[in-house]
Amino acid sequence: MKAILSDVVAQVRTRAPAIYDEAVAEAKMKDEPTPRKADFEKFGIAVFTRTGELAFAGNASIGFPIQSISKVFALELALEALGEALWKRVGRDPSGDPFNSIIDLERAKGIPRNPFINAGALVVCDVLAGLGGSAGPNRHVISFVERMLDGEAVALDKDVMASDRTGGDLNRSLMFMARHHGNLNHPVDKVMEAYIHQCAITLDCRGLAKAGRFLILDDPEKENDVTLAAARRARRILSVMMLCGQYDGSGDFAYRVGLPAKSGVGGGILAVVPHCASIAVWSPALDSMGNSWLGTLGLELVSSKTDWSVFGRARR
């Protein structure tokens, strides 16, 4: 696996200049700021397998805020707490609108299209804000990630927290809309603070790949009601990741990579090979959908080299 990842890094770096030129042309056409060339010079990748092997290459040790990838962990906790009743409060369909659209939420009478757009993630945070336990309302997701990391403490990005606290007006508006339709049970500021904390979680590719292992572990020697319930939740979560994990880029991502995944504006992507491996990539340059240019390419190359895809094997 180490050799495969090293080869992926080499190929990504070879193709990065051409992708940078493509990004510059796209930005010029849309009259947007020119991308930073230095962002296309950074790329890391890590793979954690079901047997416990961790392989990594490139800039895999650079930490970054996981941002919207945290929504995967929050969804796991909410599904564990509420079960199928969660889907009465949030849908599981692609939105077709921007991830922070308030118009879509109004059309749906306060029921977000899926748990990965901002409105859906905030409703999920509302669920977590009502959970008991010693973690506290702001640390449920943090504590879960730390468990996946075998007790390793998780750092929070102070800049992300400060930015979300001072500039989260649209997210607050989404919550007020949800509350207007009876789909928010806790104070807006309480839910917002929980959301800010989970988005600020900082990991590197190695930590993110390991944190995603709950979506691949299926030990037949430990099969019981608890592990079966977790496996069923993982199946549900992976299906939503496949359909909605890359926002409006999910269809193209499925075509190119063929794996369930969730991206974040910190440049990370968490992808999962069911029953096999958890993959994390990072590169800070984002495309117009908010997904990592080089991260997507890296996952496409890994999928091709390993023949990993939920759509079947290309090699026999």
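Two strands count as paired if DSSP finds at least two bridges between them. Strands themselves are DSSP runs of E with at least two residues, helices are runs of H or I with at least four, and both are numbered from the N terminus. With that in hand, take V272: its bridge partner in β8 is S278. Before going further, a word on the model: it is predicted, so local features need pLDDT of at least 70 and side-chain atom pairs count only at pLDDT 80 or more, while totals for chains, interfaces and linings use all residues. Residues are numbered from 1 along each chain as its sequence is written, and side-chain values use heavy atoms, with hydrogens and water left out.

Let's stay with β8 for a bit. Strand β7 (residues 268-273) runs antiparallel to β8, and six bridges join the two. The hairpin they make has three residues between the strands, and H275 takes a positive phi near 65 degrees there. β8 also pairs with strand β1 (residues 44-49), again in the antiparallel sense and over six bridges. If you want a spot to look at, I45 has V281 as its bridge partner in β8.

How covered is β8? Six of its six residues are buried, where buried means under 20% relative accessible area, exposed means over 50%, and partly exposed is in between (1.4 Å probe, protein chains only). A277, I279 and V281 point one way from the strand, S278, A280 and W282 point the other way, and all are buried.

Rings of Phe, Tyr and Trp (its six-membered ring) pair if their centres lie within 6.5 Å; planes under 30 degrees apart count as stacked, over 60 as edge-to-face, and the rest as tilted. The structure holds six aromatic pairs. In one of them, F64 and W282 have ring centres 5.8 Å apart and planes at 10 degrees, so the pair is stacked. F64 sits in strand β3 (residues 64-65) and W282 in β8 (residues 277-282), so the pair ties together parts that are 218 residues apart in sequence. Both F64 and W282 are buried.

Another pair is F99 with Y247: the ring centres are 5.3 Å apart and the planes at 40 degrees, so this one is tilted. F99 lies in the loop between α2 (70-82) and α3 (102-107), and Y247 in the loop between α10 (225-244) and α11 (250-256), so the pair ties together parts that are 148 residues apart in sequence. F99 counts as partly exposed at 34% relative accessibility, whereas Y247 is buried, with a relative accessible area of 15%. There is also an aromatic cluster, made of F73, F144 and F214.

A charge sits over a ring if NZ of Lys or CZ of Arg is within 6 Å of the ring centre and within 35 degrees of the ring normal. K2 lies over the face of F56 at 5.2 Å from the ring centre, and R206 lies over the face of F56 at 5.4 Å.

Back to β3, the strand that carries F64. It belongs to an open sheet of three strands with the order β3-β5-β4 and antiparallel pairing. β3 and β4 (155-156) are at the edges with a single partner strand each, so one side of each is left without a neighbour in the sheet. Two bridges join β3 to strand β5 (residues 201-203), and P65 has T202 as its bridge partner in β5.

Now for charge pairs. The structure holds 17 salt bridges, each a side-chain nitrogen of Lys or Arg within 4 Å of a carboxyl oxygen of Asp or Glu. R165 and E193 meet in one of them, at 2.3 Å from N to O. That pair links helix α6 (residues 158-167), which holds R165, with helix α8 (residues 188-199), which holds E193, 28 residues apart. R165 is partly exposed at 39% relative accessibility, and E193 is partly exposed at 22%.

E300 and R256 form another salt bridge, with the closest N and O atoms 2.8 Å apart. E300 is in helix α12 (residues 293-306) and R256 in helix α11, 44 residues apart. Here E300 is partly exposed at 24%, and R256 is partly exposed at 29%. Salt bridges that share partners also join D104, R107 and R113 into one network. Within it, R113 and D104 have their closest N and O atoms 3.0 Å apart; R113 is partly exposed at 32%, while D104 is buried at 3%.
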